[in-house]
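Hi everyone, thanks for making time this morning. I'd like to walk you through one structure, so let me put it up on the screen.

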Amino acid sequence: MDMLSFNINGKLLTVGKGKTILEAALENSIYIPNLCHHPDLVPSGNCRMCIVEIEGRRGQIISCTTPVEEGMVVRTDSQEISHVRQTTLELIHANHTQDCTNCSSNSACELQKVTAYVGVNEERLGRLRRTRQHYNIDDSNPFFSLDHNKCIMCGICIRTCDEVQGVNALDYGFRGFNTVVSTFGDKPIKESVCESCGECVVRCPVGALTFKETRQPTFEVKTVCAYCGVGCNIYLGVRGNKIVSSRGDRDSIVNKGRLCVKGRFGYEFVNHEDRLKVPLIKKNGTFVESTWEEAFSIIVEKFSAVESKQFAAFTSAKMTNEDNYVIQKFTRAVMGTNNIDHCARLCHAPTVSGLVQSLGSGAMTNSIDEFTNAKTIFSIGSNTTAAHPIIGLHIKEAKRKGAKIIVANPKEIDLCRFADVFMQQYPGTDVVLLMGMMKVIIDEHLQDEEFIKTRTEGYDEFLDSLTDFDLDTTEKITGVPKGKIIEAARLYATNTPSSLVYAMGITQHSHGTDNVLAVSNLALLTGSVGKESSGINPLRGQNNVQGACDMGGLPDVYPGYQKVTKPWAKEKFEEHWGVKLDPEEGLTHTEIFDEIEKGNIKALYQVGENPILSEADSNHVKRALANLDFFVVQDIFMTETAKYADIVLPAASFAEKDGTFTNTERRVQRVRKAVIPEGETKDDWWIASEIARRMGAKGFDYESPNDIMDEINRVVPIYGGITFERIEDEGLQWPCPTTNHPGTKFLHGEKFTRPNGLGKLFPLTYKASIELPDSEYPLLLTTDRSLYHYHTSTMTRKVKGLEILDGEEFLKVNPEDAQQMEISDGEYVTVRSRRGDVRVKIKITRIVPKGIASLTFHFHETPTNELTICAIDPVAKIPETKVCSIRVEKMET
Amino acid sequence: MYQIDNLVKDLVKQHGRAREALMPILQGVVAQHNYLTDEAMVEVAKELDLSAAEVYGTASFYTFLDTEPRGKYVIRVCKTITCAMKGKNEIIEVLQEMLRINVGETTLNDKFTILETNCIGWCHKAPAILINDTPYTDLTREKLVKIIKEYMHQ
Ligand code: SF4
Ligand code: SF4
Ligand code: SF4
Ligand code: FES
């Protein structure tokens, strides 16, 4: 970096080029009063507090907007400066509530600090204050309030909402004396587009924007947010064994201090009164409180009595790696079966099955941090800002730095505001859209010949299959105008590095694996994979779904994706675990329910899942569960599914345990215990180990998660070098085979992880979704997520504020459809599919196009998955939750 | 709603999408529609790739860009010192009597709104009012009654 020297108050300083005078001074502990400066934001120079004098220049210069120049001579104080500052400051005080002792920002307030330095003239101030106005406090948002009377108009909140969050909920409204920070239409914040991230509150220098939770933590614990695959680093603040705050870790490479609404405010569930606290045993149809002793003795008796093939377990993408490892080990080594699966089957199974075929490994190829340096980001089938909010921020940051954004989504999602090209394809037509783009790339010779030649195979067969996807066909099937397809194809192929992001919109289809292969074809064809800031990035949904897969919570692989059908793998684990193992692949999530219904599986051990809300065609799940002989559920709350259990075991939540989560970019991060567990709840790994020990198994004498990680290091090569000591401060990204390996930032740099080291292009054909609208069920139903809820909302709906912000389901329909069906906004309707019906309110919005409606699956009052279809992908066995057909019926009044 | 869409689209065609186009577009909407509805502002924001809050910030800055429902004829009575001294109160009395509404209100038939405004630059011919864009000056009770009657019959 170029360095510059300059003189400030007689002191010689050397600083990096491009620094402003204010930044240089503050960095070197020279205080210049300032109110509108924030290190994360572009300087705005509006408070006039930071004025300085520069030799050879006239008057006072605003130091927060003036870069340092070589040889500059700066003075930060003089009679003149102090006079001007004082007058300016008095004008601010004139309109400010003088009520410091009652203010929650007392002693953490920039205005107090500046006033202590600059001083005010009380007499003059008294005269100025006579015209002060009073504004009502906006406390509409459940998590924070805005008191205009304390606002000093620094604009930091407005700039934060723009520059950091990209939401632009706020701006200055009105004029002169009446100017206030205002939302659109000067409405209460809750009714604005605000996403309640709280970033503005964190940055407000005074007590104008303040959190409603005012309890101060007595200590803080660094851990990882449990709400999505981004894996933001947080500090949980604890007071009296209660969590009272959560703040982002500014040093974390993942989130750089930023958090979304769930990460910042979603901790209330940990200490919620509804937490399961003791084991429950169903006697005569009702649950009675019991003891661990009694529960264990029944479980041991029942589990010992079933045959291997009659047992299945669901592990959980919400638990730690250590928990997952032990539960799969229990299933394989003690119960003797590979019948273990988890909800990844319902989200990214096609990613694993698809990308393993084409690239050799089914994970995000790049790091989150690399998005900001991409030149083109193509987001397909991912509502990034809602489901992976902080990755959404990285994409917005890339856009600020000049990147082009392409969005392909059946719905006009928030990210479209930042899109250079928006393609609104008909749900289920992604293969066509992507192949259409590839046809353009080939026709215009934009493919990367060198990359195709040296790093891929299967090109010719692939080329042959491309002939079916000319632009006319593509436009006809997808509904996307040709011009946009061409534009997107050109951008992606030429404006490199290009990074591709996808999620459930690609995977949750009966042809999900084909979709994933289409995605990887596109990247391989253009050489946009295996490079920094360029690759294929499936965004994993749950906080530890990557880890649950890595740990072998899947029926076909041992931990570390070592195939159960490969004799060497089986022998290796037999040796480590000291038992004979099942040589056959186990059953998948969806198949397990089929087998339960048929009576072939009799006992189910389910940890941290709620399939009654999350599984497609959930009436099928209910029928199956009723058919079980013995059903054990281990969870933190009584869920809709747990009600069917014979025994419910209370588990510790993420804030009550130690261990690791692996985020979507393969980063293994340390989770730490912040509070002592509620009641008699126990760690999941401990519960499973205890059952194993009591069943007489060896190899379950773990004393801490660290012991389990030691074993993982030995048997999982990609985790070989990831120890607790090494990830104390910052997580490591697998593959990390040895303790001196630095971890892997992006995958496939030299060669692909397929056996021959080449990436493979696949010929593809268009397969229509299984159930398309017809005259009886004329609307297409697709599913989506809300920013405010997580999965089946077992946790988020225990947080009062989130419930206030988003408390009920709405069927989103297009205005034209609404008009045709004669239904109005807010009206209750019955939504019916061939499998079930739900009652729900209507929201009319142009976010969904004509002919398409959408629902989330967050609300148990509106069990969306009673409508969805369990048509599964033949390879990945994922159900088609993104496309089914429905009709809307008016309710009788 | 769709009407506003088209109006905004036409105005965008005329003035372009640059930030500078915001003012003329908002003025264009007000000229056609008397005031800026939420839908109109959201639509303008979308077309110009601005945030809705910014459009509102601009609209609320200018008194002549109303964001609340207004009548077809917006009568703005100058309240600044010269007009105030030369009989502004009487002007307001006459208007309130004739239209049976208070300052800040709109008649039930959505035809008239009475507002006060800061100086409109007609001090030398005070008292003065504006009806939409047309100034009426040197007003007396009789003159005003006549003017308003004409508007009533339009
Ligand atoms: S609310 Fe806070 S951050 Fe926003 S302008 Fe006022 S003082 Fe500044
Ligand atoms: S909470 Fe977040 S979205 Fe809401 S106004 Fe503040 S910065 Fe913007
Ligand atoms: S983006 Fe995900 S990991 Fe980050 S705070 Fe939000 S929910 Fe938590
Ligand atoms: S800090 Fe420089 S003008 Fe406010």
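One definition before we start: when I say helix, I mean a DSSP run of H or I with at least four residues, numbered from the N terminus. Please also keep in mind that what you see is a predicted model.

Let's begin with ligand 2. Which helices of chain A each supply at least two residues of its shell? They are α5, residues 156-164, and α6, residues 199-203. In total, 13 residues surround ligand 2, and the closest are A:C161, A:A169, A:C194, A:C197 and A:C200. Sorted by class, that shell holds seven nonpolar, four polar and two charged residues.

Staying with chain A for a moment, the domain assignment gives domain 1 at 3-128, domain 2 at 280-347 plus 544-701, domain 3 at 366-538 and domain 4 at 779-890. Taken over C-alpha atoms, the centres of domain 1 and domain 2 of chain A are 59 Å apart.

Now over to chain B. Here four strands make an open sheet with mixed pairing, in the order β2-β1-β3-β4. In chain B, β2 (112-117) and β4 (134-136) are the edge strands, each with a single partner, so one side of each has no neighbour in the sheet. On average, neighbouring strands are turned by 25° against each other, ignoring direction.

Look at β1 of chain B, residues 73-78: six bridges join this strand to β2(B), and the two run parallel. Within that pair, B:R76 sits opposite B:L115 of β2(B). Packing on the sheet is helix α6 of chain B, residues 88-99, which touches β1, β2 and β3 (129-131) of chain B. The direction of this helix makes about 155° with that of β1(B).

That's my tour, and I'm happy to take questions!

Notes: Residues are numbered from 1 along each chain as its sequence is written. Chains are lettered from A and ligands numbered from 1 in the order in which they are written. This is a predicted model: local features need pLDDT of at least 70, side-chain atom pairs count only at pLDDT 80 or more; totals for chains, interfaces and linings use all residues. A residue is near a molecule or strand if its C-beta atom, placed from the backbone, lies within 6 Å of it. Ala, Val, Leu, Ile, Met, Phe, Trp, Tyr, Cys and Pro count as nonpolar, Asp, Glu, Lys and Arg as charged, and the others, Gly among them, as polar. Two strands pair if DSSP finds at least two bridges between them. Axes are lines fitted to C-alpha atoms, for helices over the stretch in contact, and angles run from 0 to 180 degrees between N-to-C directions. Two residues are in contact if their C-beta atoms, placed from the backbone, lie within 7 Å. Domain bounds come from an automatic or database domain assignment.
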